[in-house]
Amino acid sequence: MISLTATHILEYLYCPRFSYFENVLDIPEHQENRFKVQKGRDVHERVRKTNPNYLRKKIGVVDKQSDVYLSSPSGIRGIVDEILFLDDGTAAPLDYKFAEYKEKLFKTYRMQLVFYGRLIQDNFNVPVNRGFIVYTRSRNKLVEVSLADTDFKELDKTIEGLWNVIGRCRYPQPTRYKRRCPDCCYRNICERNI
């Protein structure tokens, strides 16, 4: 059985069938060939190395760890861009996004922070009630995101649904957002689009 990453969660949230085609039928998506993905990885690496620490002091960071690989007995794993240990005794994940800040927080961004927050909780036994996103295409704008118990419950429900697809090989319903289908790399084999 595989352990789940944030990418697995985000793909499942995009469309459960995406997870089925990629992980059950083992049809690769070849994400590494997409320009935006590669550009985002390159910019992410460059900005992470040069991003100033003054932002961290402003939010009460007393210690931080970068590029931390964590795994959990619950079957999840991932590399957290930064773990911030804060002066109020909590910790928070910080994630870099190759994106512009447009006064809106995408559900996938929130869920990724929740996912990393769970890994931090499980490995450091410290409360996580917020996370941070750095929008690299908006001059490294730092945005704080509150994380509540309901977010962690939603993560648990998402993980359960994903295990139902991957672990039990169950063919799921497609996303309810039909506008995602034309851009999906599996559109040619999904009967919704045939």
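The exercises below go from the whole chain to single residues.

This is a predicted model, in which local features need pLDDT of at least 70 and side-chain atom pairs count only at pLDDT 80 or more, while totals for chains, interfaces and linings use all residues. Residues are numbered from 1 along each chain as its sequence is written, and side-chain values use heavy atoms, with hydrogens and water left out.

**Exercise 1. The whole chain**

Find how many helices and strands the protein chain has, and in what order the elements run.

*Solution.* 
- Step 1: Helices (H or I, at least four residues) and strands (E, at least two) are DSSP runs, numbered from the N terminus. The protein chain has six helices and five strands.
- Step 2: From the N terminus on, the order is α-α-α-α-β-β-β-α-β-β-α.
- Step 3: Of the 194 residues, 47% are buried (buried means under 20% relative accessible area, exposed over 50%, partly exposed in between, with a 1.4 Å probe and protein chains only).

**Exercise 2. Two packed helices**

Describe how helix 1 and helix 2 pack.

*Solution.* 
- Step 1: Two packed helices are described by the angle between their axes and the distance between the axes.
- Step 2: Helix 1 (residues 6-14) and helix 2 (residues 16-24) meet at an angle of about 125 degrees, and their axes are 5 Å apart. Axes are lines fitted to C-alpha atoms, for helices over the stretch in contact, and angles run from 0 to 180 degrees between N-to-C directions.
- Step 3: Helix 1 and helix 2 are therefore oblique to each other (under 35 degrees counts as roughly parallel, over 145 as roughly antiparallel, 65 to 115 as roughly perpendicular and the rest as oblique).
- Step 4: Helix 1 contributes His-8, Glu-11, Tyr-12 and Tyr-14 to the contact, and helix 2 contributes Pro-16, Phe-18, Ser-19, Glu-22 and Asn-23 (contact means heavy atoms within 4.5 Å).

**Exercise 3. How enclosed is helix 2?**

Decide how many residues of helix 2 are buried, and name them.

*Solution.* 
- Step 1: The buried residues are Pro-16, Arg-17, Phe-18, Ser-19, Tyr-20, Phe-21 and Glu-22.
- Step 2: That is seven of the nine residues of helix 2, so this helix is largely enclosed by the rest of the structure.
- Step 3: The cover over these buried residues includes helix 1 and helix 6.

**Exercise 4. Rings around Phe-21**

Classify the ring pairs of Phe-21 with Tyr-20 and with Tyr-186.

*Solution.* 
- Step 1: Rings of Phe, Tyr and Trp (its six-membered ring) pair if their centres lie within 6.5 Å; planes under 30 degrees apart count as stacked, over 60 as edge-to-face and the rest as tilted. By this rule there are eleven aromatic pairs.
- Step 2: Tyr-20 and Phe-21 have ring centres 6.0 Å apart and planes at 70 degrees, so they are edge-to-face.
- Step 3: Phe-21 and Tyr-186 are tilted, at 5.4 Å between centres and 40 degrees between planes. This pair links distant parts of the chain, with Phe-21 in helix 2 and Tyr-186 in the segment after helix 6 (149-166), 165 residues apart.
- Step 4: Both Phe-21 and Tyr-186 are buried.
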